[in-house]
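Reader: I would like to go through this structure term by term. For each label, please set the value against its cut-off.

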Amino acid sequence: MIKINSFPDPIIEYDFENVYPPSEDTYLLIDYFKESVNEKYFDGINIKYIKNILDLGTGTGIIAIFFQLITQNFVNFNPKIYASDILEEALICVKLNEKLNGIKKKITFIKSDLFKSFPLNLKNTFDIIIFNPPYLPSLDDLNEKERELNIDYSWNGGIKGYELVLKFIEQARQFLNLHHKCYIYFINSSRTNLNDFNYILKQKGYENEILNKKHIFFEDIILNRLTLRKY
Ligand SMILES: C[S@@+](CC[C@H](N)C(=O)[O-])C[C@H]1O[C@@H](n2cnc3c(N)ncnc32)[C@H](O)[C@@H]1O
């Protein structure tokens, strides 16, 4: 069985002022996929069912490109890959990186604040959604106006740190393909109140499984996988 942990990582150029460079959290996701995707299964789901993958908050595009490159090696893995970000600059960066990796305009780009500008025909279509979001609490000594001016899309997850992720999860359910098992992967941090966060997730009908954790500086970064409870 061919696994992907022997495949080289994508070549990534990230010399853009506001684009998040691939970091520990990015590799927590990629390293998990390297172990859990093979030519037959995508983390336990038959790989033939994976038709649409979304890398939301794509940044440099590393995760979208990583999956696009795998399609060249697995015959039964032919998903359409979407990369979206709120920042125009990120999408320029992804297009550059797509070229650097020899991929000819295969990835579909969407500039959007979460799912706001997604075409309606993408509703109920994504088998896999990945979001390495801004997940840290914002600086609470700022007033509302100062906070808006200081928004940094790569780390600021809201006052508690998980508000943006909750908004994402609320919107994502409309875009998941619920005809079979599908997954949402996302990162969060021990610097937010995880008890409160997990309680809200349960209320919204999601099962959350922690797949991996890494301790860096003053926090644990956590890789999570969500399913809607009916599966
Ligand atoms: C932590 S970075 C992750 C970048 C990349 N996926 C990675 O793992 O290296 C978070 C990304 O989410 C994007 N982002 C932040 N808020 C967003 C929103 N409301 N809608 C879409 N993208 C957003 C940022 O611009 C940034 O590219």
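Reader: Which residues in H1 are buried?

Author: Asp25, Leu28 and Leu29 are buried in H1. A residue is buried if 20 or more other C-beta atoms lie within 10 Å of its own, exposed if 12 or fewer, and partly exposed in between, with C-beta atoms placed from the backbone. Helices are DSSP runs of H or I with at least four residues, strands are runs of E with at least two, and both are numbered from the N terminus. This is a predicted model, in which local features need pLDDT of at least 70, side-chain atom pairs count only at pLDDT 80 or more, and totals for chains, interfaces and linings use all residues. Residues are numbered from 1 along each chain as its sequence is written.

Reader: What do the buried residues of H1 pack against?

Author: They pack against H2, S6, S7, S8 and strand S9 (219-228). Two residues are in contact if their C-beta atoms, placed from the backbone, lie within 7 Å. Among the contacts of Ile187 are Asp25, Leu28 and Leu29, not counting residues up to four places away in sequence.

Reader: What makes the buried residues of H5 line one face of the helix?

Author: The buried residues of H5 (residues 163-172) are Val165, Phe168, Ile169 and Ala172. Seen down the axis of H5, they fall within an arc of 95°, so they line one face. They pack against S6, strand S7 (183-189) and strand S8 (206-216).

Reader: Why is Leu114 called buried, and why is Lys105 called exposed?

Author: Leu114 has 20 other C-beta atoms within 10 Å, so Leu114 is buried. Lys105 has 9 C-beta neighbours inside 10 Å and therefore counts as exposed. Leu114 is in the loop between S5 and S6, and Lys105 is in the loop between helix H3 (88-100) and strand S5 (108-111).

Reader: What is the phi of Lys105, and what is the phi of Leu114?

Author: Lys105 has a positive phi of about 45° although it is not a glycine. Phi of Leu114 is near 45°, also positive in a residue other than glycine. Most residues other than glycine have a negative phi.

Reader: Why is Ser138 called partly exposed?

Author: Ser138 has 19 other C-beta atoms within 10 Å, so Ser138 is partly exposed. Ser138 sits in the loop between strand S6 (128-131) and helix H4 (144-149).

Reader: Why is Glu13 also called partly exposed?

Author: Glu13 has 14 other C-beta atoms within 10 Å, so Glu13 is partly exposed. Glu13 lies in the segment before H1 and touches Leu96, Asn97 and Leu100, not counting residues up to four places away in sequence.

How values were computed. The arc is that of the directions from the helix axis to the C-beta atoms.
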